[in-house]
Structures are given as C-alpha cells and as structure tokens.
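The sequence and the model are shown first.

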Amino acid sequence: MSDVNIKIKDRDGVVHEIAAPTDMSMSLMEVMRAYAIAEDGTIGNCGGMAMCASCQVYVEKGEELLAPMEAEEDAMLAEAYHTQSNSRLGCQIPITENLEGLEVTLAPYP
C-alpha cells in the first residue's frame, strides 16, 4: 500500500493535506468525499459518471501529472458553471502514484 500527498483547498478556503491511497482504485472525487472536504450532497452527485460537475476542481499545481482529458469530461465542463482553463472533474482523476504533490481547489457548487 502506498499513498500520495495531495493538497485540496475546500470551498471555504481551508487547505486539506491528504494522504490518498493509490491501491483502492479511487478517484479524486471519492477521496474528497471520504475526507468530507465538502458538505454531503454537494460533491459527486452523479456518482462519478462525468455528468454533473459537482466535483469540478481547479488544478493549481501538477497539471502535467494528469492524464489527458477524455471527451466526456470535456463535454461536461463545456456546460458547467465556474469553469476555468485549469478545470477538471475530480471523478475523472484516478488516484495513482503519479499524483504526488498535486494541488487543487474545489470549484464553487453550482
């Protein structure tokens, strides 16, 4: 078992330094839910299917660590509120050893 260290700034501006497990096939959205980074019902509403953007994050550091965006994620972000050039969906970011040092900010809830 190995963990990666990720910094997540929540919607109140509080930075959470998380040790995210790489051996549980979790996404960033699932990690944020597990650590209660956002209120229940305000993150992962679609269950991680890239259909709601409630888990949208702004990648502040480590964008080069992420896999390229797939078409479904790109389409959802094209319709989402509060998007920025560094927006990604947390449900589409698998927790892997490559993510050591990733820093994200959780986007405002629509």
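The sections below give the basis of the values and then go through the structure by element.

## Basis

The model is predicted: local features need pLDDT of at least 70, side-chain atom pairs count only at pLDDT 80 or more, and totals for chains, interfaces and linings use all residues. Residues are numbered from 1 along each chain as its sequence is written, and side-chain values use heavy atoms, with hydrogens and water left out.

Helices (H or I, at least four residues) and strands (E, at least two) are DSSP runs, numbered from the N terminus. In a regular strand the side chains alternate between the two faces of the sheet. Strand β1 covers residues 3-9, and its side chains alternate. Buried means under 20% relative accessible area, exposed over 50%, and partly exposed in between (1.4 Å probe, protein chains only).

Two strands pair if DSSP finds at least two bridges between them. β1 runs antiparallel to β2 (residues 15-21), and seven bridges join the two strands. N5 stands opposite A19 in β2. The two strands form a hairpin with five residues between them, and G13 in the turn has a positive phi of about 85°. β1 also pairs with β5, in this case parallel, through three bridges. Here K9 is opposite T105 of β5.

## Salt bridges

A salt bridge is a side-chain nitrogen of Lys or Arg within 4 Å of a carboxyl oxygen of Asp or Glu. The structure holds two salt bridges. One joins K61 to E103, with the closest N and O atoms 4.0 Å apart. This pair links distant parts of the chain, with K61 in strand β3 and E103 in strand β5, 42 residues apart. K61 is partly exposed at 48% relative accessible area, and E103 is partly exposed at 24%.

The other joins the side chains of E73 and R88, at 2.8 Å from N to O. E73 belongs to helix α2 (residues 71-79) and R88 to strand β4, 15 residues apart, and this pair too links distant parts of the chain. E73 is buried, with a relative accessible area of 2%, and R88 is buried at 7%.

## Cysteines

How many disulfides does a search of the whole structure find? The search finds zero, a disulfide being a pair of cysteine sulfur atoms within 2.5 Å. The cysteine sulfur closest to that of C55 is in C91, 3.8 Å away, which is too far for a bond. C55 is buried, with a relative accessible area of 2%, and C91 is buried at 11%.

## Loop residues

Q92 lies in the loop between β4 (87-89) and β5 (103-106). Q92 is partly exposed, at 27% relative accessibility. Leaving aside neighbours within four places in sequence, Q92 is in contact (heavy atoms within 4.5 Å) with G48, M49, A50 and E73. From C-alpha to C-alpha, Q92 is 17 Å from V4, and the two are 88 residues apart in sequence.

A50 sits in the loop between α1 (28-34) and β3 (56-61). The phi of A50 is near 60°, a positive value in a residue other than glycine, and A50 is buried at 8% relative accessibility. A53 lies in the loop between α1 and β3. A53 has a positive phi of about 65° although it is not a glycine, and its relative accessible area of 10% makes it buried.
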